[in-house]
Amino acid sequence: MKKYLLLLLICWSGSAMAQMGAAQKVTPEYLHETRIKNDVPTIWQTIRDLPKVKEYSNGMITAVNIRTTGGTQFRDLEFADGRKRSDEIQQVHEAYKFFVIEVTTPLPSGVTKAIVTALVESIPDSKDTSLVRWSIIMDGDKAAKKALTDTLIAEIANYEAGLKKLLE
């Protein structure tokens, strides 16, 4: 069921804007699974607590601010290397334990959309380990997408390491 939801989430993020148009094939730039030795509710409570991203970023994020503008939630991040970025929090789904975040500012020239998703789920027959499934979905120029994808992959690697340090 959860694999179906992830597939639905990936397809939704690429084709929901089309409204009732023809279905579009969405090929993520990145799909990855992280195994964490802890239960789903504990991992989800950590990830869904949006300001806590600083705690599990493995030192990569030095400041986080969650703000609401016109009913839309954003997270403003400051990175250890001095970069700053704002992301729109598009969805935090409690029942299915996933979130969808869209990189908004700065968005590199040539990239028109960049979405990061995370889904927390149990592993059948495992009581002490859970999965976090990450994906990156983008639209835009191939070279520009590659550069941003590499940055986001490094970010996800820090989240994985930080979550393991914090929760295992």
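A network of salt bridges links Arg 75, Arg 85, Asp 87 and Glu 155, a salt bridge being a side-chain nitrogen of Lys or Arg within 4 Å of a carboxyl oxygen of Asp or Glu. The model is predicted, so that local features need pLDDT of at least 70 and side-chain atom pairs count only at pLDDT 80 or more, while totals for chains, interfaces and linings use all residues. Residues are numbered from 1 along each chain as its sequence is written, and side-chain values use heavy atoms, with hydrogens and water left out.

By the salt-bridge rule, the count comes to ten. One of these joins Glu 29 to Lys 145, with the closest N and O atoms 3.2 Å apart. Because Glu 29 lies in the loop between α1 (2-15) and β1 (30-36) and Lys 145 in helix α3 (residues 142-167), the pair ties together parts that are 116 residues apart in sequence; helices (H or I, at least four residues) and strands (E, at least two) are DSSP runs, numbered from the N terminus. Lys 145 is buried, at 16% relative accessible area, whereas Glu 29 is partly exposed, at 30% (buried means under 20% relative accessible area, exposed over 50% and partly exposed in between, with a 1.4 Å probe and protein chains only).

Within helix α3, Asp 150 and Lys 146 are four residues apart, which is about one helical turn, and their side chains meet in a salt bridge of 2.8 Å, N to O. Here Lys 146 is exposed, at 51%, and Asp 150 partly exposed, at 38%.
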